[in-house]
Structure formats: structure tokens, C-alpha cells
Amino acid sequence: MMSRISQDLAYSPSHFARDFEATLARQAAAGRDLIARHQPIALQVGDAPAACFNLFMPEVSNPRPLMVFIHGGYWQELDNTSTDFLAERYLARGMAFASLGYGLAPHNAIDTMIDQCVQGLAVAYRALTDNGGVGPILLGGHSAGAQLAYWVAKRSQLPIKQLLLVSGVYDLTPLVTTYINEPLGLTPAKAHALSPQFAELDHLPPSQVVIAEHDPPTFRQQGIDFVTALRAANVQTELIDLPGCDHFDVLEYL
């Protein structure tokens with residue numbers, strides 16, 4: 001049995017990353033630079049201040065494909081602006097991009113975050129519908145955001161063409177006895193119920209599951225195990241193992 005210290009380290013992506021603070025600062029700066037050049041539409045979901053997002057619109061006026069991306073941070077850190085930098089590559093392909101935000105723990109439960117993200121996707125869809133139309137919808141998430149993206153795909157009434165799940169957490173049960181759970185307050189039963197690994201996987205859209213070479217080994221194994229479960233449920237799934245990157249800079253290698 002792992003000690004508490006060992007278990008904490010096993011689920012600490014920053015412990016395995018090269019310089020996560022520099023990576024996050026670089027990505028945030030790239031997002032600010034993009035906003036200075038390409039002003040997004042700022043949209044709000046309900047009354048929670050953090051449940052908001054930036055919707056980046058491409059120059060084309062015809063119906064646009066939409067990528068909605070959910071940030072990570074173990075459900076307790078970061079905000080939607082941390083993924084704004086990703087919009088540049090989608091705009092270059094004529095796609096709209098929404099950097100989805102949600103209220104964080106301890107003030108928000110994970111179920112509330114899921115509801116906010118489902119609503120956020122609907123708000124982004126309506127905004128595009130009112131501005132030239134919507135093409136195919138792609139949904140992505142990083143780390144904790146990958147867990148949220150799974151539940152959005154299951155609960156949303158909108159047709160999602162593809163899932164992009166990056167360095168995700170698909171089994172929350174090992175987190176219950178770590179530092180991560182202190183603001184979350186998950187019981188073993190609740191962690192199991194919120195884990196995509198143990199949920200219904202049928203009828204999911206085709207999925208790409210990404211793991212990074214320098215992700216924590218626990219994260220890499222979770223990604224591999226989730227791909228196995230998806231394939232067993234006959235979900236079209238691709239496992240992408242990206243070399244030379246860690247849990248934080250992996251988004252720059254997609």
C-alpha cells in the first residue's frame with residue numbers, strides 16, 4: 001500500500017513536469033496576445049462568475065465548425081483564459097473556438113461544474129447559430145477537463161462529432177485519499193460515480209485520447225485503461241502518445 005506522500009506525488013502532474021509554472025505563464029501570455037489581435041465574444045453561463053467563456057469567431061461567415069475546450073486544474077484551479085491560446089490553430093482552419101469555464105471547488109461541486117459546462121456548450125451553440133450557423137461540434141478537455149468533457153458528451157442534447165481528451169483523469173477513486181480531495185470532499189462512492197472509467201460508454205462519439213510521455217505514470221495508465229474500456233464499448237477510439245512533452249505543455253504539441 002502506498003504511503004500518503006507517495007500517493008500524493010503519484011497524482012501530482014507538477015512533480016513530473018519540467019517547469020509547469022513557466023509553461024502556464026507562456027500559454028497565458030499567448031492567449032492574451034491572441035485576444036489583442038482577435039477579439040473574442042465574452043459570454044456568461046448563469047450567475048457563477050467563473051462559468052464564462054471566450055468565443056473566438058473565424059473570419060468566414062458561413063456555418064463554422066465549433067471546438068469547445070474545457071480547462072484542467074483538478075477542478076480547483078485555473079480558469080477559461082488558460083486555454084485561450086489554443087484558439088489560434090482552430091481559427092486558422094476556419095473553426096470557432098470556445099474556452100469553457102466553470103465554478104471551482106470548494107465552492108462548486110463537480111456535478112455543478114458538469115451542469116455549467118453543458119450549459120456553456122449550449123450558449124456557444126446558440127451564439128454561433130445567431131451569427132451565421134454552426135458546423136460540426138468538437139468537444140475537448142485537458143486533465144480534469146477531460147473528465148468534465150466526458151460528462152458533457154453524455155448529458156448534452158447537442159450532436160458532438162468528436163471528443164478530444166488530453167491527459168485526463170478517468171478514475172477519481174484514487175484521488176479520495178490524496179491532497180487533491182481536500183477541497184473536493186469526495187467520498188469513495190461519489191468518486192466512483194463521477195469516474196468515466198466506470199460509467200456508460202456506449203453512444204459516445206469517436207474519441208481521441210491523448211497521453212504525454214512525461215505525464216505521471218498514473219495518468220498514462222488511466223488513459224490506456226480508458227481507451228481499453230472505450231474500445232470494449234465499441235467506441236471508435238484512437239490513443240495518441242505524444243513524445244517529448246509533459247502534462248502541461250502537451251497542449252502545445254497537439
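Which element gives the most to the lining of the second largest pocket? In this predicted model, local features need pLDDT of at least 70 and side-chain atom pairs count only at pLDDT 80 or more, whereas totals for chains, interfaces and linings use all residues. Residues are numbered from 1 along each chain as its sequence is written, and side-chain values use heavy atoms, with hydrogens and water left out.

The element in question is β6, with 3 residues (strands being DSSP runs of E of at least two residues, and helices runs of H or I of at least four, numbered from the N terminus). A pocket is here an open set of points, on a 1 Å grid over the protein atoms alone, where a 1.4 Å probe fits, with protein on both sides within 12 Å along at least five of seven lines, and its lining residues have an atom within 4 Å of a point. The second largest pocket holds about 300 Å³ of space, the volume being that filled by probe spheres set on grid points joined across faces, edges and corners. Its lining comprises 14 residues, of which R89, Y90, L164, Q208 and L254 lie nearest the centre, and two or more residues each come from α4 (87-91), β6 (160-166), β7 (207-214) and β8 (237-246). By class, this lining has 10 nonpolar, 2 polar and 2 charged residues (Ala, Val, Leu, Ile, Met, Phe, Trp, Tyr, Cys and Pro count as nonpolar, Asp, Glu, Lys and Arg as charged, and the others, Gly among them, as polar).

The largest pocket contains about 370 Å³ of space and is lined by 22 residues, with G73, Y74, E77, L78 and F248 nearest its centre.
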